[in-house]
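Here are my notes for your first look at this one. Have the viewer open as you read, and take the points in order.

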Amino acid sequence: MHQNYFKTFMKMKKVILGCSVLATALFFASCNKDKTVAEPVQDTEFQSTKDVIYANTVAAELEQVVAYIAEGQTATKYMAIAPGSTGTITNNTSGNVLTVVFSGSVTCSDGKKRDGTIQITKSSSPASYSASIYHDPGFVATVDLNNYWVDGWNIKTVNPFIVTNVSKGPLAAFSTSADKLTWTYEGKLSIENVADVAKNMVWEGKMTKTLVNTNNVKIFPSTKLLPIAWSSTVVADNANLEYSGDSKGETKAGTAFTFSISETPLVRNYACAPDKVLGVTNNTVIVYSEWHPFIGGIANFTTGTLEPRKVDFSNEGMMDCDNAVKVTIKGVDTPVDLMK
């Protein structure tokens with residue numbers, strides 16, 4: 001009996017040992033497999049960054065042109081003909097309907113070529129403020145565009161483009177030393193490229209614009225009766241603006257995007273014009289551009305199925321006078337030059 005038990009035990013041991021050896025072999029075989037995993041490909045698509053920022057710049061530039069017209073400042077370089085340009089600019093700044101008409105693809109002194117009509121219908125909200133000028137609290141401008149072109153882009157108002165002065169009002173209650181002039185602009189724009197319809201874009205949003213140095217009497221006189229002096233040959237006496245808000249829409253090929261300025265406002269300072277020399281007149285006088293890019297602040301945007309992007313308009317927090325940004329995607333920073 002003991003011999004049979006011993007034989008049975010030895011057979012079981014061999015089976016267990018055999019299984020153990022097999023398991024060990026399988027384990028090492030699995031460990032020796034090639035486990036190489038391909039590194040993820042870094043997102044290096046930056047054209048959407050340029051497109052989205054350009055769409056937001058188009059809206060900001062339109063609002064600024066409205067600012068000039070609604071202050072009666074038709075001598076501004078936004079509406080002045082550059083040396084050597086053909087075409088004409090006519091305007092009407094009286095009454096409740098204001099217009100500026102660019103004819104013959106005029107090159108303006110901000111370096112941009114324009115054609116078509118900008119029409120502004122003025123109102124006051126509330127009516128009791130009797131606001132009639134851009135810097136008046138309660139001033140409202142409803143903007144319509146008629147065959148309006150800028151540098152080969154046909155800009156259309158899909159929904160009314162509305163500019164509103166939301167400063168503390170009425171004007172008599174506004175303090176130039178304690179308060180800041182603030183506006184909102186909102187609407188929906190179609191930005192169409194005549195040369196390539198695949199580049200067409202749509203911008204829809206609401207932004208807030210603040211004149212940070214409202215308390216500089218050389219920019220906004222304490223009498224509150226004269227227009228805002230946006231630019232000067234003295235750096236300290238140039239308008240310093242901040243922008244915040246959200247926009248959405250479509251970039252080329254109908255790709256959806258969202259663009260948010262909530263972390264740090266974008267900055268425009270009229271002392272900055274990176275493309276300074278636009279031309280000369282009489283072979284001696286330099287003509288300075290009045291195109292002012294964003295030079296500070298942070299925006300976040302998403303587009304299509306691409307990774308979210310963070311866009312820093314400054315240079316390590318410094319306000320460099322250039323037309324470039326730093327785009328951060330999944331922790332990787334890349335400098336990107338923008339469209340003008």
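1. Start with helix 2, which makes up the largest share of the lining of the second largest cavity, three residues. Helices here are DSSP runs of H or I with at least four residues, strands are runs of E with at least two, and both are numbered from the N terminus. A cavity is a set of points on a 1 Å grid over the protein atoms alone where a 1.4 Å probe fits but cannot get out, and lining residues have an atom within 4 Å of a point.

2. Before you go on, a word on the source: this is a predicted model, where local features need pLDDT of at least 70, side-chain atom pairs count only at pLDDT 80 or more, and totals for chains, interfaces and linings use all residues. Residues are numbered from 1 along each chain as its sequence is written, and side-chain values use heavy atoms, with hydrogens and water left out.

3. Back to that second cavity: its volume is about 70 Å³, a volume being the space filled by probe spheres set on grid points, which are joined across faces, edges and corners. Its lining includes Glu 61, Arg 268 and Phe 294.

4. What is the volume of the largest cavity? About 120 Å³. Helix 2 leads here too, giving the most to the lining with five residues, and Glu 61 turns up again among the lining residues.

5. Now click on Phe 294. Its ring and that of Phe 313 have centres 6.0 Å apart and planes at 75°, so the pair is edge-to-face. (Rings of Phe, Tyr and Trp, the last by its six-membered ring, pair if their centres lie within 6.5 Å; planes under 30 degrees apart are stacked, over 60 edge-to-face, and the rest tilted.) The two residues are 19 apart, with Phe 294 in the loop between strand 11 and strand 12 and Phe 313 in the loop between strand 13 and strand 14.

6. Finally, Arg 268 lies over the face of Phe 294, 5.4 Å from the ring centre. That label needs CZ of Arg, or NZ of Lys, within 6 Å of the ring centre and within 35 degrees of the ring normal.

Terms used
On a 1 Å grid over the protein atoms alone, a cavity is a set of points where a 1.4 Å probe fits but cannot get out, and a pocket is an open set with protein on both sides within 12 Å along at least five of seven lines; lining residues have an atom within 4 Å of a point.
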